[in-house]
Amino acid sequence: MTKKLQLPAEVVTLGDAIRWLREERGMTLRALAKKVNVTAPFLSDLEHNRRNTDKLTEIAKALHVDVAELQRLDGRLTADMKDWIAANPGIVALLKDIRASGRSAEELRSAFGRKRR
Amino acid sequence: MVENRIVAEAFNVEAFEKLLSKAAGNDKTPVVNQVRYLARYCDRLGARTIVCEEHYIDRHFLDEHALFYSRSLQPPPNHVRRFHVFSREFSDAQLSELLEESASAAGQTSRQICDDLSRAYLGFISIRPLRSVPVGRTILRRLEDGEPRDIWATGTHDVHLANLTLTIDGLAFQQQDRAVGACATAAVWSALSRVSRHEGMRAPTPAEVSQAAGRHVLPNGRIVPAVAGLNVQQLCEAVRSSGFAPEVVRADERPEFFVVALHTYLLSGIPVVLVLLGHDGDHAVTAVGFQSAAAPHPLLQTSVPVRSARMSKIYIHDDRLGPYARSFLHPLPRTDDFDECLLLAIETPRDAHGDELVGNGTPRAEDREEWVLDSAIAPVYPKLRLPARSLITLAELLGDLIEHIVGPENATKLGVEFYFERSGSYLSKLSGRIGLGCAGFLRRVALPRWCGIVKWFLDERPLAEFVYDTTDILRDEHLLGAELLRAVVCLDSRYRGDFQQIASIFPVPST
């Protein structure tokens with residue numbers, strides 16, 4: 001069963017969240033690596049935000065959290081996202097406007113009237 | 001006629017500060033920071049009495065003198081004044097009594113007198129006859145912070161004062177003179193003084209370090225006067241010339257591995273030269289010891305539960321301040337603008353009077369000077385070829401097995417640390433730790449001069465040590481380090497059978 005993710009303030013990135021959740025659940029890095037079928041050094045790199053992964057679903061399942069909650073924290077651009085941006089140059093202009101507006105992701109979400117997932 | 005004069009007097013911070021300055025021929029210009037630091041440091045060590053030797057030939061200064069000062073138009077004297085510091089009160093007359101008592105006593109009693117006095121001996125400070133850069137070779141006792149797990153890469157020194165032989169545990173410090181040596185010279189000289197003595201070799205002098213550093217490359221121009229400082233390549237050359245191998249670890253590749261290496265070498269009693277990058281130029285200091293925090297820092301964790309992730313405070317010899325200065329390790333995460341890096345915040349004086357030069361309690365953020373750690377250079381015995389990085393891999397290879405042995409309920413309590421030790425010393429330290437029935441193990445085990453140890457813990461309790469050959473490198477990870485594993489030492493009787501079973505697979509001797 002998945003739970004709504006409640007993270008402390010110092011947990012900001014995907015790597016922070018995976019480490020925090022793993023430790024919260026009393027799981028060693030090796031135990032989680034084994035569950036999601038990756039090597040311990042790879043998982044360590046993931047916790048250091050040095051790598052992307054396509055194993056987020058498996059990690060979320062092993063940590064009993066909603067995968068969308070982890071995806072929300074994944075600030076790094078995956079290859080398919082990069083391709084999508086490259087194919088849509090207007091997106092870059094939009095992102096520049098957003099940055100210039102100085103508004104946070106949270107403010108933008110509420111401006112769009114969308115409920116945070 | 002050359003004559004020494006040994007005088008004892010009561011210790012007083014201000015008076016000592018002035019005495020040190022005056023000894024350097026400086027009674028007009030302000031007291032230099034290093035002298036202030038040393039006076040306050042001695043005070044915090046509990047100094048009560050100082051004994052001044054007026055005429056002491058220090059071979060380290062003598063070499064500096066020969067290389068540089070003797071060829072000046074107005075050369076200073078070639079000797080130093082040496083100040084011995086004691087935590088025991090005694091008068092000048094009582095010092096005479098001690099010397100006489102020791103001279104007239106039989107060997108055993110004379111040794112007893114020296115041992116008694118050594119317990120109160122806090123070390124010595126050499127003052128060169130150089131007004132602005134007076135602090136020469138100085139060895140002081142380290143100041144404990146009063147918190148657990150202080151680790152120090154220091155060594156024991158015999159010090160001769162008249163007919164007394166005193167002992168002190170510390171690491172040599174001296175101030176750069178900007179003529180023969182720069183900050184990097186002082187840093188590498190400190191580190192080499194420890195490892196040379198440990199290997200039974202003569203420690204190089206600062207002049208020898210400088211000359212070795214500039215033998216082949218001069219990227220910043222001339223070595224003497226030492227205005228430009230040394231780069232990493234030159235530091236490596238100085239280490240190599242002294243008969244050691246420079247093990248260089250970069251901090252910008254994987255900060256957590258850099259910290260593991262630093263932790264490992266300090267734990268092995270090997271001081272490490274740290275190259276620092278700052279706003280106004282580079283700097284070099286010698287890491288002498290460290291202290292660990294209660295909890296690991298997330299950014300310093302690796303794929304195995306390394307205890308080095310708790311390393312928070314590093315004690316350094318900083319020639320701008322003094323010996324055993326405190327610094328704090330701050331790992332910074334990667335951001336959009338910067339790669340991940342390690343900051344070293346060095347505790348600095350709070351005001352012009354230098355009241356907090358030694359540090360007291362937790363300093364304020366503004367009392368720290370931040371540097372980016374660039375690299376570390378550990379002078380290691382040349383046949384110690386296995387780097388600290390490989391010990392992490394070796395632990396990683398057996399990690400699953402160790403977790404399996406202790407079971408999932410204990411797996412999160414595991415910790416691991418690495419160190420190198422001379423095998424003779426390692427085996428002798430096993431006494432009292434491995435119990436009866438170890439004769440068979442001791443007769444079978446074959447170790448090189450330096451062995452690499454992967455030590456596992458369950459919480460704070462030692463669990464087992466895997467002892468590796470360091471004269472080769474790790475080549476084939478599929479063999480789980482079998483080609484290097486030489487012994488398995490179980491330190492927790494509850495798991496003896498499991499570790500003996502592992503040892504029998506490789507197969508290596510075990511306890």
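I take a polar contact to be a pair of N or O atoms within 3.5 Å, where, within protein, one atom must be able to donate a hydrogen and the other to accept it. The model I am reading is a predicted one.

**Entry 1, between the domains of chain B**

I began inside chain B, where the domain assignment gives domain 1 (245–380) and domain 2 (388–505). I found the C-alpha centres of domain 1 of chain B and domain 2 of chain B to lie 28 Å apart. I then looked up who takes part in the contact, and noted 16 residues from domain 1 of chain B and 18 residues from domain 2 of chain B.

For the area, I noted that domain 1 of chain B and domain 2 of chain B bury about 1400 Å² between them, with 63% of it on carbon and sulfur atoms.

Sorting the side of domain 1 of chain B that touches domain 2 of chain B by class, I wrote down 9 nonpolar, 5 polar and 2 charged residues. The count of salt bridges between these domains is 3. I looked up B:Arg307 again, and its side chain meets that of B:Glu460 in a salt bridge (3.4 Å, N to O).

**Entry 2, between chain A and chain B**

I turned next to the interface of the chains, where the contact takes 17 residues from chain A and 18 residues from chain B. The area buried between chain A and chain B is about 1400 Å², and I noted that carbon and sulfur atoms give 39% of it. In chain A, the residues that lose the most area to chain B are A:Arg30, A:His48 and A:Arg50, which together make up 47% of what that side buries.

Which charged pairs meet here? For the interface of chain A and chain B I recorded 5 salt bridges, and I looked up the pair of B:Arg254 and A:Asp45, whose side chains meet in a salt bridge at 2.5 Å, N to O. The rule for polar contact finds 11 residue pairs across this interface, both residues at pLDDT 80 or more.

I also asked which helices of chain A touch chain B, and found that α1 (14–24), α2 (29–36) and α3 (40–47) each supply at least two residues of that side. By class, the residues of the side of chain A that touches chain B divide into 5 nonpolar, 5 polar and 7 charged.

Methods
Residues numbered from 1 in each chain as written. Chains lettered and ligands numbered in written order. Predicted model: local features only at pLDDT ≥ 70, side-chain atom pairs only at ≥ 80, totals over all residues. Heavy atoms only, no water. Contact = heavy atoms within 4.5 Å. Buried area = accessible area lost by both parts, 1.4 Å probe. Salt bridge = Lys/Arg side-chain N within 4 Å of Asp/Glu carboxyl O. Polar contact = N/O pair within 3.5 Å; in protein donor to acceptor, adjacent residues only side chain to side chain. Helix = DSSP H or I, 4+ residues; strand = E, 2+ residues; numbered from the N terminus. Nonpolar A, V, L, I, M, F, W, Y, C, P; charged D, E, K, R; others polar. Domains from an automatic or database assignment.
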